[in-house]
Amino acid sequence: MANVKLHKVGKVYEGPGGSQVRAVEAVDLAIADGEFCVLVGPSGCGKSTTLRMIAGLEEISEGTLEIDGARVNDLPAKDRDIAFVFQNYALYPHLTVAQNIAFGLETRRAHRSALVAALSGAGAARAEESAKIDARVAEVSRTLGLDALLARFPRELSGGQRQRVAVGRAIARDPKVFLFDEPLSNLDARLRIETRTELRMLHRRLRATIVYVTHDQEEAMTLADRLVVMHKGKVQQNAGPQECYERPANRFVAGFIGTPPMNIVDGRLANGAFGANGVHAPMPTRVSDRACALGFRPDRVRLAAPNSAGSVAATIAAVERLGDRTDIALDSAWGRIVARIDADLATGAREGDAVGFTFDAAHAHLFEAGECGARISV
Ligand code: ADP
């Protein structure tokens with residue numbers, strides 16, 4: 001296994017007519033040996049390009065990529081000792097599960113045995129290697145619960161099983177680094193959750209260095225040791241998932257991580273209160289008066305009686321009952337606010353009702369104005 005370091009890595013694509021698209025900008029990243037690192041962000045933020053540069057499938061325009069301390073910018077993909085698992089599995093349809101898993105090992109053997117054969121007539125050495133490959137395939141298929149499927153062809157497998165074979169092929173080679181590009185996005189919701197749990201357990205067993213790309217923040221949160229949130233080609237935050245959730249570095253991360261998303265209101269802090277569109281609520285802080293954005297998560301919102309002290313007046317726009325919790329969308333002078341409350345407290349809530357809401361100021365966040373406004377320490 002290995003560590004992976006990116007120093008100011010950037011990618012500029014040449015567009016039509018000499019135009020340039022900057023896809024990735026000055027990415028600094030140090031991924032430790034055995035770490036599960038997830039790159040997450042909306043479509044087009046540059047995560048796949050970053051992964052493809054690590055794999056050697058895309059040329060690096062700027063900066064340095066190191067694997068285990070060696071600069072590998074110019075090393076061809078096949079020499080980087082990296083395994084790549086794609087969204088579309090890329091299994092060979094005419095090969096069985098066992099042959100697909102063995103494929104990486106077989107191609108390596110083909111290179112080596114050509115060399116061996118050139119040097120001597122080494123039949124015994126070839127038989128020994130075949131036995132090694134069989135043993136490795138058996139070991140990998142046991143790890144992934146594929147033993148019973150080894151003789152099947154990909155068309156005879158479910159989506160989840162195919163994905164496991166693709167993972168098996170990657171593991172079989174025992175590479176330095178695993179790269180995953182949206183590997184679960186073709187699976188249905190239930191299978192996605194099951195497979196992500198399996199991946200997490202597999203990582204615990206293998207202690208492999210993994211770089212994993214997804215646009216799904218929940219998947220990212222559950223898998224990552226290290227979460228790298230990207231937007232417009234730049235890293236917005238690089239920290240543990242809980243840190244990103246509890247102390248988002250900026251407004252973009254605050255809005256991207258967490259479901260339902262954090263409520264974020266543009267306004268002004270003055271005299272211990274936050275105000276927007278002429279409506280104020282207490283917000284005790286030492287921060288000096290300024291234009292800023294206030295953020296509070298839906299589970300930090302409470303419903304209050306209409307016109308009660310310190311509350312913001314609102315009308316219930318929608319009620320979504322989720323079993324133990326209820327999400328309530330509120331229309332107010334602060335825009336659309338979502339409250340997530342215990343189902344017991346929401347039994348009487350009806351669309352169209354006039355209510356008030358308060359938020360837990362001790363768990364509120366403040367950000368500088370602007371799309372990626374930095375976190376302000378409350
Ligand atoms: P993500 O994986 O986050 O969806 P990508 O890394 O695929 O994002 O793309 C980042 C940006 O680079 C996007 O604006 C995309 O349109 C652009 N891009 C990606 N591949 C190419 C390419 N081969 N040529 C030109 N632009 C590209």
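Which residues form one aromatic cluster? F274, F296, W334, F357 and F359 do. This is a predicted model, in which local features need pLDDT of at least 70, side-chain atom pairs count only at pLDDT 80 or more, and totals for chains, interfaces and linings use all residues. Residues are numbered from 1 along each chain as its sequence is written, and side-chain values use heavy atoms, with hydrogens and water left out. The points below cover the ligand site, the elements around it, the aromatic cluster and some backbone details.

**Ligand site**

- Helices (H or I, at least four residues) and strands (E, at least two) are DSSP runs, numbered from the N terminus.
- T49 places a polar side-chain atom 2.5 Å from an oxygen atom of the ligand.
- G46 has a backbone N or O atom 3.0 Å from an oxygen atom of the ligand.
- Y13 has a side-chain N or O atom 3.5 Å from a nitrogen atom of the ligand.
- Taken alone, the ligand exposes 560 Å², and the protein buries 59% of that. Accessible areas come from the Shrake-Rupley method with a 1.4 Å probe; for residues, only the protein chains shown count as cover.

**Helix α1**

- Of the 9 residues of α1, 7 are buried, so the helix is largely enclosed by the rest of the structure. Buried means under 20% relative accessible area, exposed over 50%, and partly exposed in between (1.4 Å probe, protein chains only).
- The buried residues are K47, T49, T50, L51, M53, I54 and A55.
- Just after α1, G56 takes a positive phi of about 90°.

- Strands β1 (residues 4-14) and β2 (residues 20-31) run antiparallel and are joined by 8 bridges. Two strands pair if DSSP finds at least two bridges between them.
- Y13 has V21 as its bridge partner in β2.
- The hairpin has 5 residues between the strands, and G17 takes a positive phi near 65° there.
- A26 lies in β2. A26 has a positive phi of about 40° although it is not a glycine.
- At 41% relative accessibility, A26 counts as partly exposed.

**Aromatic pairs**

- The count of aromatic pairs comes to 12. Rings of Phe, Tyr and Trp (its six-membered ring) pair if their centres lie within 6.5 Å; planes under 30 degrees apart count as stacked, over 60 as edge-to-face and the rest as tilted.
- The ring centres of F296 and F357 are 6.4 Å apart and the planes stand at 35°, so this pair is tilted.
- F296 lies in strand β14 (residues 290-296) and F357 in strand β19 (residues 354-359), so the pair ties together parts that are 61 residues apart in sequence.
- F296 counts as buried at 0% relative accessibility. F357 counts as buried at 1%.
- W334 and F357 have ring centres 6.1 Å apart and planes at 70°, so this pair is edge-to-face.
- W334 lies in the loop between β17 (325-332) and β18 (335-342) and F357 in β19, so the pair ties together parts that are 23 residues apart in sequence.
- W334 counts as buried at 5% relative accessibility.

**H365 and R375**

- H365 is found in strand β20 (residues 365-368). At 5% relative accessibility, H365 counts as buried.
- The side chain of H365 makes a polar contact with the side chain of R375 at 3.2 Å. A polar contact is a pair of N or O atoms within 3.5 Å; within protein, one must be able to donate a hydrogen and the other to accept it, and residues adjacent in sequence count only if both atoms are side-chain atoms.

**Backbone details in loops**

- T259 and P260 are joined by a cis peptide bond, with omega about -10°. P260 sits in the loop between α8 (251-256) and β11 (263-270).
- D81 has a positive phi of about 55° although it is not a glycine. D81 is found in the loop between β5 (70-71) and β6 (82-85).
- At 26% relative accessibility, D81 counts as partly exposed.
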